[in-house]
Amino acid sequence: RDLRGRGMKCKRCAEKAAVQLRSHNAAFCRPCFLFFFRRTVERTIESDRMFTRDDRILVAVSGGKDSLALWDVLTALGHDTTGLYLAQGIGDYSTRSRRLVEEFAAPRTLALQVIDFAEEDGGVAVPEVAALTRRSPCAGCGTLKRHYFDRAARDGAYDVVATGHNLDDEAARLLGNVLHWQRDHL
C-alpha cells in the first residue's frame, strides 16, 4: 500500500515510509522495503529448498512487474538466470511487452531468450489458436505457454523454471475453476 503523505515511519530506519505491509504489521521506506523483499525471497528459497546457486534458472518474463521483479531479485541474489519471453502475437500488447523485457535485460546484460509463436511449430499465434479452437484467447494461451516453458527448459538443460505468478493470480484461477465447475482442474 502506498503511504506517501501519511506520515508513517519505516520499521527499519525510522525514515518516512513509502510502503505498508499489513500482513507484517510494518511500513518501510523504499530502500528498506527492497532490502526486506530480497531477504524474504532469499529466506523462502532456502527454507523451502526451492533451488541452489548451482542451479540454472529459466525465468519466464512477460514484461509485467511480477515477472521482472522476480528476475531482478534472483539475479541480485546471485542466481544463474536466463529470461524467457514468449512473443504471443497479440498485437500491440506483444510489441509493448517484448520492448519492456528487452529494455529491462539490456542495461543489466541479462541473458534473454525469445520464442515467437508465429515462427514456431507451424506459426500459430494466440489469436489464431483462439479462432481455430473457438475458445477465448486466454484458454489456449496458458497451454501454449506451459508447452514452450517446458520445451525451452528441456532444450536448454535448465534445472528450474520460475514464473512471476502471485497469490492473486492463483486465487483468480481457483475461483474461475470453481465458478465453471472444472473439477479436474481443482
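Helices here are DSSP runs of H or I with at least four residues, numbered from the N terminus. By that rule, Leu175 lies in helix α6, which covers residues 167-179. Welcome to a short tour of this chain, which comes from a predicted model. There are 6 helices and 6 strands to find your way around, and 35% of the 186 residues count as buried.

**Overall layout**

- Reading from the N terminus, the elements follow the order β-β-α-β-α-β-α-β-α-α-β-α.
- Take the contacts in the chain with a separation of 6 or more: residues 24 or more positions apart account for 53% of them.
- The chain has an accessible surface of about 12100 Å², and carbon and sulfur atoms contribute 52% of that area.

**Strands β3 and β4**

- Strand β3 spans residues 56-60 and is mostly covered, with 4 of its 5 residues buried.
- Its partner is strand β4 (residues 80-87); the two run parallel and are joined by 5 bridges.

**The cysteine pair**

- A search of the whole structure turns up 0 disulfides.
- Cys29 is in no disulfide, and its nearest cysteine sulfur, that of Cys32, is 3.5 Å away.
- Cys29 counts as buried, since its relative accessibility is 8% and the cut-off for buried is under 20%.
- Cys32 is buried as well, with a relative accessible area of 7%.

**Helix α1 and Phe35**

- Phe35 sits in helix α1, which takes in residues 30-47.
- Is Phe35 buried, partly exposed or exposed? With a relative accessible area of 35%, Phe35 is partly exposed.
- Phe35 and Arg12 are 23 residues apart in sequence, and their C-alpha atoms are 9.9 Å apart in space.

**A nonpolar patch**

- Which residues make the nonpolar surface patch of about 380 Å²? Leu174, Leu175, Val178 and Leu179 make it.
- One of these, Leu175, belongs to helix α6 (residues 167-179).

- Ala14 has a phi near 70°, a positive value in a residue other than glycine.
- You will find Ala14 in the segment before β1 (19-21).
- Ala14 counts as partly exposed, at 47% relative accessibility.
- Ala157 has a positive phi too, with a value near 55° in a residue other than glycine.
- Its place is in the loop between α5 (137-155) and β6 (160-163).
- Ala157 is exposed because its relative accessible area is 52%, and exposed means over 50%.

Conventions
Residues numbered from 1 in each chain as written. Predicted model: local features only at pLDDT ≥ 70, side-chain atom pairs only at ≥ 80, totals over all residues. Heavy atoms only, no water. Patch = residues over 30% accessible without salt bridge, like charges linked within 9 Å, V, L, I, M, F, W, Y side chains within 5 Å. Areas by Shrake-Rupley, 256 points an atom, 1.4 Å probe, with all protein chains shown as cover. Salt bridge = Lys/Arg side-chain N within 4 Å of Asp/Glu carboxyl O. Buried < 20%, exposed > 50% of the residue type's maximum accessible area, 1.4 Å probe, protein only. Contact = heavy atoms within 4.5 Å. Disulfide = S-S within 2.5 Å. Pairing = 2+ DSSP bridges.
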